[in-house]
Amino acid sequence: MIKPQYTPLQTAALVFLRLVIGWHFLYEGLAKLFNPNWTSAPYLADAKWIFRSFFESILANPTLLKTVDFLNIWGLIAVGCSLLLGCLAPLATFFGIILLCVYYVVNPALPGVKSSIPAEGSYLIINKNLVELSAMVVLLFFPTSRIIGLDRFIFWKRIRSD
């Protein structure tokens with residue numbers, strides 16, 4: 001494995017991006033965790049695109065809905081903590097991308113797909129989920145956690161031998 005050679009500014013920018021996204025994921029997860037009334041039900045009920053029947057089947061099963069809520073909350077928290085600490089960050093980035101893909105599929109910014117959930121702006125194809133997903137793809141290909149993060153210590157033998 002070739003050790004990446006980033007300039008200090010490139011490293012700082014990529015680490016900053018990882019930290020900002022990590023904070024956003026962690027905050028979203030904690031906000032949901034500490035809100036006793038939070039559920040993904042309204043978001044899933046708004047699904048109008050592909051997999052609509054799948055999301056409706058989740059809504060129809062209270063146990064499945066609670067499981068999805070649990071996985072969503074703890075997935076956000078786990079991804080956020082991992083990115084902030086730089087611990088198993090590439091794996092967390094991959095799962096964060098999957099979460100964001102699901103959010104986009106449920107509520108895409110596509111012409112003809114109207115959402116009843118208020119948007120923070122006017123979107124056409126690209127929305128905040130797709131922007132954050134794109135930034136996470138960058139992080140996936142420029143893993144900084146082995147430079148600045150706990151992964152540096154977890155994988156130190158492997159990095160040293162490369």
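Visitor: What covers the buried residues of helix 1?

Guide: The cover includes helix 4 (62-85), helix 5 (89-106) and helix 6 (128-141). This is a predicted model, in which local features need pLDDT of at least 70, side-chain atom pairs count only at pLDDT 80 or more, and totals for chains, interfaces and linings use all residues. Residues are numbered from 1 along each chain as its sequence is written, and side-chain values use heavy atoms, with hydrogens and water left out.

Visitor: What makes a stretch of the chain a helix?

Guide: A helix is a DSSP run of H or I with at least four residues, and a strand is a run of E with at least two, numbered from the N terminus. The protein comes to eight helices and zero strands.

Visitor: How does the reach of helix 1 compare with the span expected at 1.5 Å a residue?

Guide: The expected span is 1.5 Å times one less than the number of residues. Helix 1 has 26 residues and reaches 37 Å from first C-alpha to last, close to the expected 38 Å. Helix 5, with 18 residues, reaches 25 Å, close to the expected 26 Å.

Visitor: Why does Phe55 count as buried?

Guide: Buried means under 20% relative accessible area, exposed over 50%, and partly exposed in between, with a 1.4 Å probe and protein chains only. Phe55 has 6% relative accessibility and therefore counts as buried. Phe55 belongs to helix 3.

Visitor: Which residues does Phe55 touch, leaving out those up to four places away in sequence?

Guide: Contact means heavy atoms within 4.5 Å. Phe55 touches Leu44, Ala47, Ile50, Val105 and Val106. Val105 and Val106 are among the buried residues of helix 5.

Visitor: How far from Arg18 is the nearest side chain of opposite charge?

Guide: That side chain, Asp151, is 7.0 Å away. A salt bridge requires a side-chain nitrogen of Lys or Arg within 4 Å of a carboxyl oxygen of Asp or Glu; Lys and Arg count as positive, Asp and Glu as negative, while His and the chain ends are not counted. Arg18, which is buried, accordingly has no salt bridge.
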